Amino acid sequence: MGDGAATIDLGNHLSESLNGKVLAMHQWLEQNRFEGLKDIITAYSSLTILYDTAFIKNYYQPSAPVFEWIKQRLITAYQQSGDFVEGTPVRHRIPVHYGRENGMDLDALARQKQLTPQEVIRIHTAKVYRVYMIGFLPGFSYMAAVDDQIAQPRKDKPVAVPAGSVGIAGSQTGIYPFNGPGGWNIIGRTPMELFNAQAENPVLLKAGDEVVFYEA
Amino acid sequence: MSLTIIKPGLLDTIQDLGRFGYSSWGINPGGVMDSYAARIANMLVGNEPGEAVMEIHFPGAQILFEQNALISITGADFTPTLNDDERITTWRPIVVRRNTLLHFPKWQYGSRCYLAVHGGFCVPRWLNSYSTNLKAGAGGFEGRKLDKGDELPFKENSIYFAGLLKDSREYQPLNWRVDTGKTYQLPHEILFTIGHEWSQLTHTSQQDMMENNFTIHPFSDRMGYQLRGVPLKRQQTTELVSSGVSFGTIQLLPDGQLILLMADHQTTGGYPRIGHVISSQLPKLAQLRPSDSIHFSMIDIPTAEELLFSQEHELSIIQRACYDHLNQLVC
């Protein structure tokens with residue numbers, strides 16, 4: 001990733017075990033921080049670190065390029081971290097107002113899937129979803145996997161989406177923390193606040209958490 | 001101790017070197033686009049390099065200094081002017097008298113300039129940074145761009161500079177300025193290291209990327225530069241799951257065009273990462289404008305690191321020189 005970032009990619013697919021390993025590496029790196037580590041981005045199946053190349057060069061004085069030194073750190077994190085983060089995941093219950101003005105795409109999605117809107121809601125609320133990653137926007141959660149019966153590719157063109165909108169894109173489901181353009185199929189909206197800059201903990205959902213939706 | 005925005009500019013925000021440590025919450029580092037210019041702006045006025053600065057786009061704000069201030073302006077040249085017609089130079093410390101108006105009547109060069117004041121701007125930190133995150137509406141000055149009537153206080157002074165003002169003058173430039181060396185030379189020649197999906201490009205597209213020029217499209221901002229050029233192709237179009245990206249990442253869009261991620265990029269992305277602009281050239285890239293063209297050349301990571309170290313070495317010399325000059329002045 002250039003001369004100031006490095007990615008360790010565990011495989012290009014969405015799997016709970018790969019994501020578990022990514023989060024375990026994140027935790028290990030947080031507990032075994034090195035000087036010059038600036039940031040860690042966790043994604044579905046990869047972990048990226050941003051580092052201060054010049055600082056590391058002066059501080060640790062590696063004989064090889066700093067990138068080689070970083071690579072060794074990442075390999076060590078891979079080898080020494082567990083397969084998943086220990087402990088019980090945090091579980092959130094999230095109320096959703098489905099359909100009508102809150103879920104502009106619910107009826108169309110139901111028609112295409114040859115279901116009634118009520119069946120889509122029943123299927124969407126029947127599962128416990130895992131938060132795989134937070135990205136795109138502050139606090140935007142990528143959760144999976146929705147049942148194949150309601151999986152639907154994202155729309156061709158993004159439209160204006162209000163904060164709290166709950167959407168489906170492929171086998172993913174997620175919640176928009178802000179008003180803005182979005183291409184996911186919007187089936188409902190939650191009154192819960194996903195992001196609050198002034199709170200001590202600005203982001204409600206974290207990677208590794210579990211989410212259950214229920215009809216408000 | 002403060003300044004007031006008399007007339008707002010296109011996009012003027014408070015920034016520092018970025019908000020690191022929160023990417024896993026989707027909160028991007030942000031920060032200044034041109035960290036070289038911002039760091040030197042601070043050094044010139046005796047601040048730590050990471051102090052808050054004002055990043056100014058053209059047309060820039062009209063700014064009234066309510067108190068005497070030691071300031072510097074670096075980066076782009078928008079003809080910084082005091083009161084009616086006192087043009088001041090960039091990359092140089094200047095003492096300005098209270099009730100002086102700073103404005104930017106004419107574009108000369110670059111995309112964004114940096115205003116630093118001695119002491120720094122007194123704004124609250126959000127998540128350990130002064131940078132403005134417009135998406136989150138937090139950080140910097142009330143989480144937004146600066147607007148008419150905004151009053152930005154300065155932090156405490158440690159240098160007594162008012163004595164440098166001559167009786168009859170509204171301002172006094174100090175007698176040294178920074179030479180930016182190689183940093184902005186060959187503005188259109190951009191070096192990159194290959195990205196994870198580089199090898200997925202067809203052989204022809206790999207050659208096309210380096211043999212052709214790419215033009216910066218008007219839809220370019222602090223988030224990213226959209227490029228227009230010969231469309232590039234991948235050998236196979238496997239879908240990618242989203243993964244981390246950074247400032248300087250070059251992504252390939254589905255239509256074959258490239259996008260360069262800049263300071264306000266999202267934390268993750270699902271487009272193929274063709275390459276990464278090397279760190280020491282991000283300042284140069286930050287000063288390019290829509291319709292400018294870019295020619296890419298590939299280098300390896302060890303060489304990119306060496307270029308960065310030599311730029312950092314130059315910055316440390318500049319920092320020491322600024323410090324010594326200011327010290328002599330006040331002793």
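Good morning. Glu55(B) and Arg222(B) are both buried, where buried stands for under 20% relative accessible area, exposed for over 50%, and partly exposed for what lies in between, using a 1.4 Å probe and protein chains only.

First, the ground rules. The model before you is predicted, so that local features need pLDDT of at least 70 and side-chain atom pairs count only at pLDDT 80 or more, whereas totals for chains, interfaces and linings use all residues. Residues are numbered from 1 along each chain as its sequence is written, chains are lettered from A and ligands numbered from 1 in the order in which they are written, and side-chain values use heavy atoms, with hydrogens and water left out.

Let me turn to the two domains of chain B. The domain assignment places residues 2-180 of chain B in domain 1 and residues 189-299 in domain 2; such bounds come from an automatic or database domain assignment. Between the C-alpha centres of domain 1 of chain B and domain 2 of chain B the distance is 30 Å. In contact, meaning heavy atoms within 4.5 Å, are 24 residues of domain 1 of chain B and 16 residues of domain 2 of chain B. The two domains of chain B bury about 1400 Å² between them, with 50% of it on carbon and sulfur atoms. Buried area here is the accessible area (1.4 Å probe) that two parts lose on being put together, summed over both.

What joins the side chains of Glu55(B) and Arg222(B)? They meet in a salt bridge, at 2.7 Å from N to O. The term requires a side-chain nitrogen of Lys or Arg within 4 Å of a carboxyl oxygen of Asp or Glu. In general, side chains of opposite charge can pair when their charged atoms come close. The rule finds one salt bridge across the interface of domain 1 of chain B and domain 2 of chain B.

Between these domains of chain B there are also 11 residue pairs in polar contact, both residues at pLDDT 80 or more. A polar contact is a pair of N or O atoms within 3.5 Å; within protein, one must be able to donate a hydrogen and the other to accept it, and residues adjacent in sequence count only if both atoms are side-chain atoms. On the side of domain 1 of chain B that touches domain 2 of chain B, at least two residues each come from β3 (53-57), β5 (69-77) and β10 (109-117) of chain B. Helices (H or I, at least four residues) and strands (E, at least two) are DSSP runs, numbered from the N terminus. Of the elements on that side, β10(B) gives the most, with five residues. By class, this side of domain 1 of chain B has 10 nonpolar, 10 polar and four charged residues. Here Ala, Val, Leu, Ile, Met, Phe, Trp, Tyr, Cys and Pro count as nonpolar, Asp, Glu, Lys and Arg as charged, and the others, Gly among them, as polar.

I now come to the contact between the chains. Chain B and chain A bury about 3300 Å² between them, 64% of it on carbon and sulfur atoms. Ser24(B), Trp25(B) and Val241(B) supply 19% of the area that chain B buries against chain A, more than any other three residues. How many salt bridges are counted between chain B and chain A? The count is zero, while the residue pairs in polar contact between chain B and chain A number 11, both residues at pLDDT 80 or more. The elements giving two or more residues to the side of chain B that touches chain A are β16 (243-244), β20 (273-277) and α4 (301-330) of chain B. The largest share of that side, seven residues, is from α4(B). This side of chain B divides into 18 nonpolar, 16 polar and six charged residues.

Finally, some further salt bridges. Over all chains the rule counts 12. In chain A, Glu30(A) pairs with Arg33(A) in a salt bridge, with the closest N and O atoms 2.9 Å apart. Glu30(A) is partly exposed, at 39% relative accessibility, and Arg33(A) is partly exposed at 45%. In chain B, the side chains of Arg87(B) and Asp77(B) form a salt bridge of 3.2 Å, N to O. Because Arg87(B) lies in strand β7 (residues 86-87) of chain B and Asp77(B) in strand β5 of chain B, the pair ties together parts 10 residues apart in sequence. Thank you.
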